[in-house]
Amino acid sequence: VKRLVLVLGDQLSDTLSALREADKSEDIVVMAEVAEETDYVDHHPKKIALIFAAMRKFGAALEKDGWTVRYTQLDDTENAGSIVGELLRRAEETGAEEVLVTEPGEWRLIDKLRHAPIKTRILSDDRFIASHAEFESWAKDRKALRMEYFYRDMRRKTGLMMDGDDPAGDKWNYDHDNRKPAPDEVDASGPMQFTPDETVEEVLDLVEARFGDRFGDLRPFHYATDQGQARRALSHFVKHALPRFGDYQDAMMEGQAWLYHSILSPYINIGLLDPVEVCRAVEDAWKAGDVPINAAEGFIRQIIGWREYIRGIYFLEGPEYAQRNALGHDRALPAFFWGGETRMNCVSQAVSQTREHGYAHHIQRLMVTGNFALLSGLDPQELQAWYMASYIDAFEWVMSANVIGMSQFADGGVVGSKPYVSSGNYIDRMSDYCKGCAYSVKDKTGENACPFNLLYWHFLDRHRDRFEENGRMGNMYRTWDRMDEDRRKTVLDEAEVWLKRLDAGETV
Ligand code: FAD
Ligand code: DLZ
Ligand code: SF4
């Protein structure tokens, strides 16, 4: 039987299970740019450009390698507008009777393929280290699903930074040496940039015409769009930024979008880089003595630990996970998330950088925008749609447990044992944002008080029933209870007034 091999926009790996299973001489690869995928959320224009450019180059590379490829561009007149529609059209055209596909990273699309009116075989996505079965068996019978223990299993499984059965250097985790506050200066120049070639330019024109009015700047566009470029970006990171990655992983600096981060998530997530290949490059640099152990271990943990764990939770918890709202938060997203004005310098920095690059690093996502959303009680589903629309590396398998779980505690504590909340103090310690802010981080109340300071207590007070008994939060409640009653009332009243102004659309 002649088969169609569907390759999705985030499956651009020559080791893909569907390609391995297929027969190059008989089967037909189907790739399609379709409106259903560009429009199910208003993706950042740079994300659409990255995916389309990389898809076009990958399709061409497969053809060169001897595959028959039927590629549909977004503005082809015959375009059926959806993945399943394209499969049916190509089946009719070629006489193919079956579809082979590697499991997509979103329940939405898995569901559509499962119900497609053509026989479809969904193969597991073994570009990840842990299979669904392995994660389920790890999670089974555990009271709490803590990443650290899962991570150790992934170290053992991959052998990365292992010394026989023991972790290299005798410690699993070197975070104690990481997370220094913002440095005075950054001596890395950021990720490697690529000048758009003809294929990329064509895609940029298309994206500009179709999606130019969405949130996010399309140009200048410098991301890598094929495996060769992505590998050069990896080497560049290992050489120039990795040595200080651990030290400044949590730091934030005005006007410095990249610091010592890798900016590799977009390439790993769409398949241009293999996660283990990335980790081996890091391990090699550490073995060669070019990189300290805290940087190498910290980085590898993000990929084989966090990235795998977050995906595991998404598939373990099922399609309704993304709809959870354990804290009952329902405030609408303020306009400043979409680039409107705000006096909060930290938020303004994170959002403008996001608009420009489709990128903000982990602590900006977690402790600035995420923290603000949680403290002020924003609707988690609307927030997740914002993250999905704003980031170049956004896919639901990696977004949901980060937003609904880690950042918003909307899963009721599956991912985190306590919510990630902080007052302005944390942001002041880790960044230089507060210096340039209209609010004063030192002011706990009063007209200029940092909103994070007011909202922090408002959050703890309104969720007292849920968190008071949480062992890791007892100190916070004790501090609050020690304040005199007038002061507590002032804080809560001022927080309420501030939230009313937020809801009224004032510039806050
Ligand atoms: P680096 O700081 O250089 O880290 C190295 C790599 O580790 C990343 O490339 C990534 O592959 C991996 N990694 C680190 N932390 C995580 C994590 N928590 N979950 C998964 N992978 C991780 N990551 C995405 O890839 N897509 C998303 O849509 C996404 N949404 C997020 C939303 C929120 C609210 C939060 C708090 C985090 C989110 N993350 C997401 C995780 C993390 O912020 C990004 O992976 C990271 O910022 C990507 O930049 P980088 O490549 O420079 O990462
Ligand atoms: C994100 C995305 C976009 C914007 N466009 C396409 C597309 O036109 N064709 C395609 O095959 N894939 C696209 N993707 C990636 C898919 O949305 C992704 O495969 C699913 O979200 C599952 O992770
Ligand atoms: Fe953000 Fe508050 Fe600092 Fe301003 S003072 S940058 S709002 S933490």
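**Helix packing and the ligand shell**

Tutor: Keep in mind that this is a predicted model. H15 and helix H19 (residues 451-462) pack at an angle of about 50 degrees, and their axes are 8 Å apart. That makes H15 oblique to H19.

Student: What is the handedness of the crossing of H15 and H19?

Tutor: Left-handed.

Student: Which residues of H15 and H19 meet?

Tutor: From H15, Leu 374, Leu 375 and Ser 376. They meet Phe 452, Leu 455, Tyr 456 and Phe 459 in H19. By class, this contact has 6 nonpolar residues, 1 polar and no charged.

Student: And H19 with H22, at what angle do they pack?

Tutor: About 110 degrees, with axes 9 Å apart; helix H22 covers residues 485-503. So H19 is roughly perpendicular to H22.

Student: Which residues meet there, in H19 and H22?

Tutor: H19 brings Pro 451, Leu 454, Leu 455, Trp 457, His 458 and Asp 461. H22 brings Val 491, Leu 492, Glu 494, Ala 495 and Trp 498.

Student: Switching to the ligand. Which residues come nearest ligand 1?

Tutor: His 261, Ser 262, Ser 265, Gln 302 and Arg 307, out of 28 residues around ligand 1.

Student: How does the shell around ligand 1 divide by class?

Tutor: It has 15 nonpolar, 10 polar and 3 charged residues.

Student: Which helices each supply at least two residues of that shell?

Tutor: H11 (265-270), H13 (293-317), H15 (362-376) and H17 (396-407).

Student: And which domains does the shell draw on?

Tutor: Domain 2 (132-193 + 226-316) and domain 3 (335-503) each give at least three residues.

Key. Residues numbered from 1 in each chain as written. Chains lettered and ligands numbered in written order. Predicted model: local features only at pLDDT ≥ 70, side-chain atom pairs only at ≥ 80, totals over all residues. Near = placed C-beta within 6 Å. Helix = DSSP H or I, 4+ residues; strand = E, 2+ residues; numbered from the N terminus. Nonpolar A, V, L, I, M, F, W, Y, C, P; charged D, E, K, R; others polar. Domains from an automatic or database assignment. Axes fitted to C-alpha atoms, helices over the stretch in contact; angles between N-to-C directions. Parallel < 35°, antiparallel > 145°, perpendicular 65-115°, else oblique. Left-handed = near helix turned anticlockwise from the far one by under 90°. Contact = placed C-beta atoms within 7 Å.
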